[in-house]
Amino acid sequence: MEYLIRFAQAHESFRQPEIQALADLAGVEVEFLYYDKNSPFCIIRLPDEAAARAVISRSIIAKDIFELWGQGTNFEEVYADVRRRTEDRWAQYQDSSFRFVIDSFAGKRSNDQKRQIIQSFSFLGFKGAIRMKNPDQDFWVFEDYGLDVSSPGTPRPHGEEPEVIYFGRWIANSSRDVVNKYDLKKRKYISTTSMDAELTLITANMAHAAPGKLFYDPFVGTGSFLVAMSHFGAETFGSDIDGRSFRGREMMERGGTMGVLSNFQQYGMVGRFMDVFTSDLTNTPLRSNQFLDGIVCDPPYGVREGLRVLGRREGLKSEEVMIDGKPAHYQPGYIAPKKPYGFEAMLNDILNFAVRSLVTNGRMAMWMPTSNDEIEIPVPMHPNLEVLNVSVQPFYSWSRRLITYRRLPEGQVSDVSKGRQMHDAEGVYADQLNAFRRKYFTKNQHDTDSKSGRESSAS
């Protein structure tokens, strides 16, 4: 059966992968019949209404889903398509209360025009009460006037006709409203690096966070991903090289400690929060076997300052420091020494850790920086990990990608010929160890020099 999904017009490259991930999680087959990044409407084929409800129920980017009754480039085509598809089903809705809603994308209709459109569907023969609140059946007419990419957000002038019209019966809403619940502006403990609620929830969907599953974030920070994964029922824990990021600061006036735990207390999910601990991925105390259902992470990019890992640079003495007769590392507030760490090495370590730790078919959703075509970095790949999808969030001068992997069963391998050739970077300084950082600053400096040259010429 065909269904119409109405998306929010945001994060376009995430929309189709999220629906596919949710169909996989629900164990149903989904076929995409129509999708256009410039349109909020998508047509899919699902087995039945129960499958449609299961897929949409967790979606963050979609708004709702409808049983598609008809479509066309004008209303005469729509009426004919409705008769062809659904005439045998009209009788079962004949006595139900109902309402009609007209919704136009990138266009407008006057109230009189909307009334005429609704009355034109009288051939359906519905005799039930018209109820604008909580009707038994909810029918929608969607008009897509086509997005003007040169001036998005500006409605088409009156008099223009829609490019395509859809008519459908409402089935279910998505979970998009929970984005407001987890809004960072309302959250007790955040930092400048906390990822916004919408993207963390989408990431949790891509990774299949769900009840009965164990999820881990090796770069936990303020715990934004842990909150999102726990929202969907997963048991969560994390680690970070800097324990101050998740411990927070003492808030004496409030009589408590701000930190990751306070966010779980705020949302009433303490039972799904296991713990956080200080560690880096190269010195992890976690056992080396397949026990994780999922890994979600946003690794540090090392742009503002070079990446670090626990340890000392080669050649430096590793003498034990004593304070008041006790080793320094036993003292409260001790901060372990760190040495430079390569961007390539970090990605290599993350993929190897995922292979060692994920159960078969477990997923890892990892964010990774990239930039324009001049600084494009191939997707990191591993023979034991299948790349399911890559979604891009663009910024002004760079972008970042959400890469979703699946742990393959033993004996299966993926084709890594088009992926990044992983190797340990050699060097001492930050730029030597981080190709993205080096190219990022080179590009920005080039843009600055070009701008200064234009300004000098203009003056």
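Reader: Where do Asp 81 and Arg 85 lie, and how many residues apart are they?

Author: This is a predicted model, by the way. Asp 81 and Arg 85 both lie in helix H3, which covers residues 75–86. They are four residues apart, about one turn of the helix.

Reader: Okay, and what do their side chains do?

Author: They meet in a salt bridge, 2.9 Å from N to O. As for the spacing, an α-helix has 3.6 residues a turn, so residues three or four places apart point the same way.

Reader: Is Asp 81 buried or exposed?

Author: Asp 81 counts as buried, because its relative accessibility is 9% and the cut-off for buried is under 20%.

Reader: Which residues are linked with that pair in a network?

Author: The salt-bridge network links Asp 81 and Arg 85 with Glu 2, Glu 31, Arg 45 and Arg 84.

Reader: How many salt bridges turn up in the whole structure?

Author: A search of the whole structure gives 20. One of them joins Arg 169 to Glu 49, with the closest N and O atoms 2.8 Å apart. That pair links distant parts of the chain: Arg 169 is in strand S7 and Glu 49 in helix H2, 120 residues apart.

Reader: And how accessible are Arg 169 and Glu 49?

Author: Arg 169 is buried, at 6% relative accessible area. Glu 49 is partly exposed, at 26%.

Reader: Switching to H2, then. Which of its residues are buried?

Author: H2 runs over residues 49–56, and the buried ones are Ala 51, Ala 52, Val 55 and Ile 56. Looking down the axis of H2, those residues fall within an arc of 120°, so they line one face of the helix.

Reader: What caps the N-terminal end of H2?

Author: Asp 48 does: one of its side-chain oxygens lies 3.2 Å from the backbone nitrogen of Ala 50.

Reader: Last one: what does Glu 198 form with Arg 176?

Author: A salt bridge, with the closest N and O atoms 2.9 Å apart. Glu 198 sits in helix H6 (residues 197–206), while Arg 176 is in the loop between S7 and helix H5 (178–181), 22 residues apart. Glu 198 is buried at 12% relative accessible area, and Arg 176 is partly exposed at 26%.

Methods:
Residues are numbered from 1 along each chain as its sequence is written. This is a predicted model: local features need pLDDT of at least 70, side-chain atom pairs count only at pLDDT 80 or more; totals for chains, interfaces and linings use all residues. Side-chain values use heavy atoms; hydrogens and water are left out. Buried means under 20% relative accessible area, exposed over 50%, partly exposed in between (1.4 Å probe, protein chains only). Helices (H or I, at least four residues) and strands (E, at least two) are DSSP runs, numbered from the N terminus. The arc is that of the directions from the helix axis to the C-beta atoms. A polar contact is a pair of N or O atoms within 3.5 Å; within protein, one must be able to donate a hydrogen and the other to accept it, and residues adjacent in sequence count only if both atoms are side-chain atoms. A salt bridge is a side-chain nitrogen of Lys or Arg within 4 Å of a carboxyl oxygen of Asp or Glu.
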